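Please have the model open as you read; my notes follow as numbered points.

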Amino acid sequence: SYNAVTEGTGVGVLGDTKKLNTYYSSGTYYLYDTTKAMTGVIETRTAKNLSSLPGSYSVDPDDNFNATNQRADVDAHYYAGVVYDYYKNTFNRNSFDNKGATITSTVHYGRNYNNAFWNGSQMVYGDGDGTTFTSLSGSLDVVGHEITHAVTERTAGLEYQGQSGALNESISDTFAMFMDQKNFLIGEDVYTPKIAGDALRSLSNPTQYGQPENMSGYVNTTSDNGGVHTNSGIPNKAAYNTIQSIGYDAAQKIYYRALTVYLSPKSNFSAARAAMLASAADLYGTGSTQYNGVASAWTKVGVN
Ligand SMILES: O=C(O)[C@H](CCc1ccccc1)CC1(C(=O)N[C@@H](Cc2c[nH]c3ccccc23)C(=O)O)CCCC1
Ligand SMILES: [Ca+2]
Ligand SMILES: [Ca+2]
Ligand SMILES: [Zn+2]
């Protein structure tokens with residue numbers, strides 16, 4: 001038997017068919033993508049509803065990953081490739097560490113697990129319970145959010161608590177918007193599968209899902225690392241304002257430069273405004289339309 005780079009097909013969480021970069025070895029096809037310009041690979045595994053990581057490779061006998069219990073695997077693999085391509089094509093960033101690190105995803109984590117996370121080394125996705133969530137890898141927003149946590153860890157290193165933690169959260173939500181450019185919602189494809197039209201969070205209207213959209217509404221709490229998933233509404237709204245005033249392309253260039261050049265572990269919201277302005281000045285000049293758009297975006301959410 002021989003080894004080969006192959007192209008398979010799969011059916012995703014929402015029943016959509018897509019092409020997959022797979023690998024053939026000794027009679028089995030693997031969700032193992034060696035086609036990117038990285039030293040590592042994109043690999044997808046399954047925890048088989050237990051919780052030991054990274055779990056075993058997602059495999060198939062005929063390179064057509066169309067079984068119901070393969071849908072989460074298919075989307076985790078496919079969307080990880082989309083996110084890799086976004087960072088490489090937009091910023092020439094080679095994986096989350098910019099050194100071509102392997103991107104590992106594990107699906108079917110736990111039982112009815114209604115969440116997903118980056119654990120410092122890899123992405124992990126639950127199947128959801130079918131009411132609160134369906135398989136969380138079924139959304140590009142979620143996959144982009146998780147991989148961006150890895151990028152943030154290797155760049156600004158924003159501490160995951162309080163304002164720097166809410167900013168960390170917002171960076172992940174914001175880059176998910178840059179990748180998707182479909183709407184300003186997070187998780188709508190996988191959240192409450194029986195209810196249409198809702199989402200986990202909204203960047204255009206954070207208050208719709210219980211988040212503040214102005215500094216005046218900052219929530220002081222000890223839960224959730226100081227409310228990082230709540231207070232992210234404030235920088236999320238600033239990001240929405242920025243995109244609305246200067247467009248996706250200028251906004252993403254400013255955000256990426258801020259993340260990789262100016263932000264640091266303890267940066268708070270005010271430091272974020274300063275970082276975005278410094279980036280806008282570097283890229284477009286002080287007093288430019290972009291610079292002024294950023295300034296007003298943050299002033300409107302009460303951050304000066
Ligand atoms: O990456 C993150 O920020 C979230 C990671 C949460 C987590 C952290 C550590 C261990 C386990 C889980 C996961 C996501 C998130 O925002 N989770 C929120 C909302 C949420 C999802 N499932 C939940 C179940 C119950 C309560 C809240 C939630 C949270 O954990 O708060 C990101 C996109 C979608 C899921
Ligand atoms: Ca979305
Ligand atoms: Ca829903
Ligand atoms: Zn997050």
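1. Let me begin with histidine 108, which counts as buried because its relative accessibility is 11%. (Buried means under 20% relative accessible area, exposed over 50% and partly exposed in between, with a 1.4 Å probe and protein chains only.) Histidine 108 sits in the loop between strand 9 (103-107) and strand 10 (116-118); helices (H or I, at least four residues) and strands (E, at least two) are DSSP runs numbered from the N terminus. Its phi is near 55°, a positive value in a residue other than glycine. The side chain of histidine 108 also joins that of aspartate 73 through a polar contact of 2.9 Å. Such a contact is a pair of N or O atoms within 3.5 Å; within protein, one must be able to donate a hydrogen and the other to accept it, and residues adjacent in sequence count only if both atoms are side-chain atoms. Leaving aside neighbours within four places in sequence, histidine 108 is in contact (heavy atoms within 4.5 Å) with residues including Thr46, Lys48, Asn69, Asp73, Tyr125 and Asp127.

2. A word on what we are looking at. This is a predicted model, in which local features need pLDDT of at least 70, side-chain atom pairs count only at pLDDT 80 or more, and totals for chains, interfaces and linings use all residues. Residues are numbered from 1 along each chain as its sequence is written, chains are lettered from A and ligands numbered from 1 in the order in which they are written, and side-chain values use heavy atoms, with hydrogens and water left out.

3. On confidence, the protein averages a pLDDT of 98, and 100% of the residues score at least 70. For the complex, the predictor gives an ipTM of 0.98 and a pTM of 0.98.

4. Which residues coordinate the zinc ion (ligand 4)? They are His145 (NE2), His149 (NE2) and Glu169 (OE), at 1.9 to 2.0 Å. Histidine 145 belongs to helix 2 (residues 140-154) and glutamate 169 to helix 3 (residues 162-180), so the pair ties together parts that are 24 residues apart in sequence. The donors follow the spacing H-x3-H-x19-E, and both histidine 145 and glutamate 169 are buried. Donors here are N, O and S atoms within 2.8 Å of the metal (3.2 Å for Na, K and Ca); water is not among the atoms, so sites may look incomplete.

5. Threonine 192 is buried, with a relative accessible area of 9%.

6. Now to ligand 1, which 14 residues surround, the closest being Asn114, Glu146, Glu169, Arg201 and His229. (A residue is near a molecule if one of its heavy atoms lies within 4 Å of it.) A backbone N or O atom of asparagine 114 lies 2.7 Å from a nitrogen atom of ligand 1. An oxygen atom of ligand 1 is 3.0 Å from an N or O atom in the side chain of asparagine 115, and a polar side-chain atom of tyrosine 160 lies 3.3 Å from an oxygen atom of ligand 1.

7. The C-alpha atoms of leucine 136 and tyrosine 113, 23 residues apart along the chain, are separated by 9.2 Å.

8. Glutamate 43, in strand 5 (residues 42-46), is buried at 8% relative accessibility. Its side chain makes a polar contact of 3.0 Å with the side chain of tyrosine 57.

9. Finally, two backbone details to check. The peptide bond from leucine 53 to proline 54 is cis, with omega near 5°, and proline 54 lies in the loop between strand 5 and strand 6 (56-57). Aspartate 63 has a positive phi of about 70° although it is not a glycine; aspartate 63 is found in the loop between strand 7 (59-60) and strand 8 (64-65).

Technical notes: pLDDT = per-residue confidence, 0-100.
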